[in-house]
Amino acid sequence: MRALVIEDYGPLREAVSTALRGAGFAVDASGDGREGDWFADGGTHDIVVLDLGLPGMDGLELLRRLRARGSQAHVLIVTARDQVEDRCAGLDAGADDYLVKPFAVPELLARVRALLRRAYQRKDPVLRIRDLEIDTARRLARRAGRDLDLTPREFALLQFLALRAGETVPREDIRAHLYDFRSDNGSNVIDVYIGYLRRKIDGDGQERLLHTRRGHGWILGDAP
Amino acid sequence: MMSLRLRVALVCAGAVLVMLMLGAWLTARHVAAGMRAGFDRVLVDHLGTAASGLEFEHGGVERHGQGPEVDGFALITSTGRRLAGQSWMQAPAHLPEDGRPTIVDLAMPDGRRCRAAWMSYLPESDDGQSDRLAIGIAISIEPLLRQLADIRDALLIGAVAVAATLIGVLALLLGRMLAPHGRLAVEVEALDPRLPGRRLATGDLPPELRTIAERTNQLCDRLERAYGLASSFHAAAAHELRTPLAGLRATIEVAGQPGGDPQRALGTCHAIAMQMQARIDNLLMAARIDAGKLVPRREEVDVHALLRSAWEPAPERIRERGLEALWDLQGEGLAIADPEALRMVLANLFDNAISYAPAGSRIEVSCATAGDRLTLRIANPAPGLDADDAARVFQRGWRCASTGDEVRHAGLGMGIARELTGLMSGRIEARAGDGRFTVELVLPAPAGFDYW
C-alpha cells in the first residue's frame, strides 16, 4: 500500500511517515502544498494524509484539485482546525475522513486501515483466501492455523495481493502501490519478494495459492 | 430606582395638584371675601333703612321698613338704656360719632351665627335736645356660609376633576415624549455581550439620545472587533500549540513501537519542546505586556552575540526550507536594551522571516551603528506582501494570508516585537513592496545613552 503524507511541520511529518512505513506502507512525504500536489498527481497513492494549513497551497485547494483530476485516493485530513465548519468544509471538498491534532498514532493507523478497506470494498479486517487468513489490524498472517513469519514488505505484498484476490495483479501495480518515490525499484526486487512470499505461504507441500501468469502478473487464490 | 417616566409623571402630577389646590383655595378665599363684602353692604343698607324708619313719638319708638330679613334690632341710648330691640343685641363699646357703621359677628340665642351692623345715631327732636343713640341690626349669615361651603366644594371638585384630566393628558404626552427613552432602554437591555453583533436603532431618536446610542454602537463595534481578535487569537494560539503537540505525541508513540529509534526521537522531542517554549513565551509575554507588568532593564548589550544566540534554533529550519542567510554585521554592535526582551524580539523577527520567506530564497541580516543609534535590518523576499500589509504586520492577531503558512502563527510575534522595542526606547518599522519585506529595528547605542 502506498501513502502520501503532506504535512508542513517536519517532526510530525516524519513521525507519521515512520508510523505508516512501520505499518507496511510505502510512504511519500512532502511539507509543501505545491510539491504535495505534484506527488498526488501521480495517482498511485491509496491513502493521502493531508494537513490543511500548508505553505505553497492550502490543503483544501489541493484536495479540490485532486478530486477535479478524478483521483480515487482516500484522503484523511489531519489538522489542528477543529471547528464543525472546518470538518464540514474538509469532507465536502472530497476528504474521506478527518482527524484533529493532536491524535494518537494507533488511531491514525486504524483510520488509514479503515480507509484502505473501503478502497478495496472490504468490511472485515481479516482477509480470507481459502485457508489463508490475513489480519490487517494485527498484521498477522496464518495458513492452515500456522503463523507465517513475514517481513513488513512481504506482509504488505501479501495484503495487496489479498485485497485483489482472484484477479491478476500486474507488476506495475505492485510497483506503484508498494514502493515509494525514493525506492530503488528498477531491478527484479518484486520477483525476489514474490519468491520469498511463495516459499512462506505455499511451502510444506501445501496447495498453491500464489500463481504466476507469465507476462501478466500474479494471482492470489484459485488458479485461473 | 424609579423609572424616568414615573419620576417625571410624579413631579408633574404633584405640581399640577399643588397649583390647582392653591388656585382653588385662592379663588374660594376671593369669592368668600367678595360675598362677605356684599353681605356687609346689604347689612349697612338695612341699617340705614332701619335708622330712617325710626319715629319717636310719645316717648316711644316706632319702626318702619327695616325689612323682614333682619333677624335682630337694637336701639340703645348712650347711657345704655335699651329703647327697643332684643336683649342679645349688645352694642360695641365705642362707635364712631360720624355715623360710619361698625360691623361685628354675633351669635343669636338659637345658636345661629349672624353679623350685626351698628352706628351712632343722633335723632331729630322738636326741642333740639336729643341724646345720641346706638342703632344696630343683625342678619343671620348661615345662608351665606352655606353658599360659601357649596362654592368651596364645587371648586374642590372642579380642581380634582381638572387635575385628573391634566394628569391624564400629561401621562399621555409623557408617554409619547418619553417613548424613545423607553425604546432605547429596551434595546440597551437586550444588548448581550456574548452576541456583540446587535446595534441600537438611532433613526427616530432625539439628538441627546442619538448621541448616547451612537456612542454605544461605537463601543459595540469596538467590542465586536476585540472579541473577534481575541477569538481569532485564542484559536490561533491553540492552533499554534496543537501542531507541535501532535508532533511531540506522534514522535514519542512511533519511537515506542518495535524498530523505533528512541535516541533520535529524544532529539526531535527536545527541538519540538524548544519551539513550543518559544510560542508559550510569546503568549506569556503578551499577557505581561497587557498587564503592564513588564519593566525592561537597560544595560549595554552585545547585539551581535544576541543575534547569533537568537539564530541558534534557526539553521535546521533554514535547511528544511532551502533558505540561505546573508550576514553583514559591522562595528561593535552595542546597544542599550534588555537582553532577554531583545532576544525575544530577534527570535520573533527571525522566526517570521524564516516562516514567510519563499523556499529557496535568501534572508539578509545587517547591523550597524551610526552615532547614538544602532540599526538592525532583516530582509527577505515576500511576494504576497504589500505596503498595507506592512502597516498591519505589527497588529496582534494579524497573519499574512498570502503565504498559506498561517497555521503556524498566532500573529503574536511581530506585535510583541514592536511593544518590547518601544519599552526599550527603540523603534521598529516594516516595509513591504516589490516582493520584498524588510524590518528595521533601531535601538539607542551607548554613545548617546544617558546613564542617569
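I take helices (H or I, at least four residues) and strands (E, at least two) as DSSP runs, numbered from the N terminus. The model is predicted: local features need pLDDT of at least 70, side-chain atom pairs count only at pLDDT 80 or more, and totals for chains, interfaces and linings use all residues. Residues are numbered from 1 along each chain as its sequence is written, chains are lettered from A and ligands numbered from 1 in written order, and side-chain values use heavy atoms, without hydrogens and water.

**Entry 1: loops of chain A.** I located Ala144(A) in the loop between S8 and strand S9 (146-147) of chain A. Its phi is near 50°, a positive value in a residue other than glycine. Ala144(A) counts as exposed at 51% relative accessibility (exposed is over 50% relative accessible area, buried under 20%, partly exposed in between; 1.4 Å probe, protein chains only). Gln121(A), in the loop between H5 and strand S6 (126-129) of chain A, has phi near 55°, also positive in a non-glycine residue. Gln121(A) is exposed, with a relative accessible area of 74%. I also noted a cis peptide bond between Lys101(A) and Pro102(A), with omega about -10°.

**Entry 2: helix H8 of chain A.** I listed the buried residues of H8(A): Val189(A), Ile190(A), Ile194(A), Leu197(A) and Ile201(A). They lie on the same side of H8(A), because they cover an arc of only 135° around the axis (directions from the helix axis to the C-beta atoms). What covers these buried residues includes helix H6 (152-163) and strand S10 (210-213) of chain A, where contact means heavy atoms within 4.5 Å.
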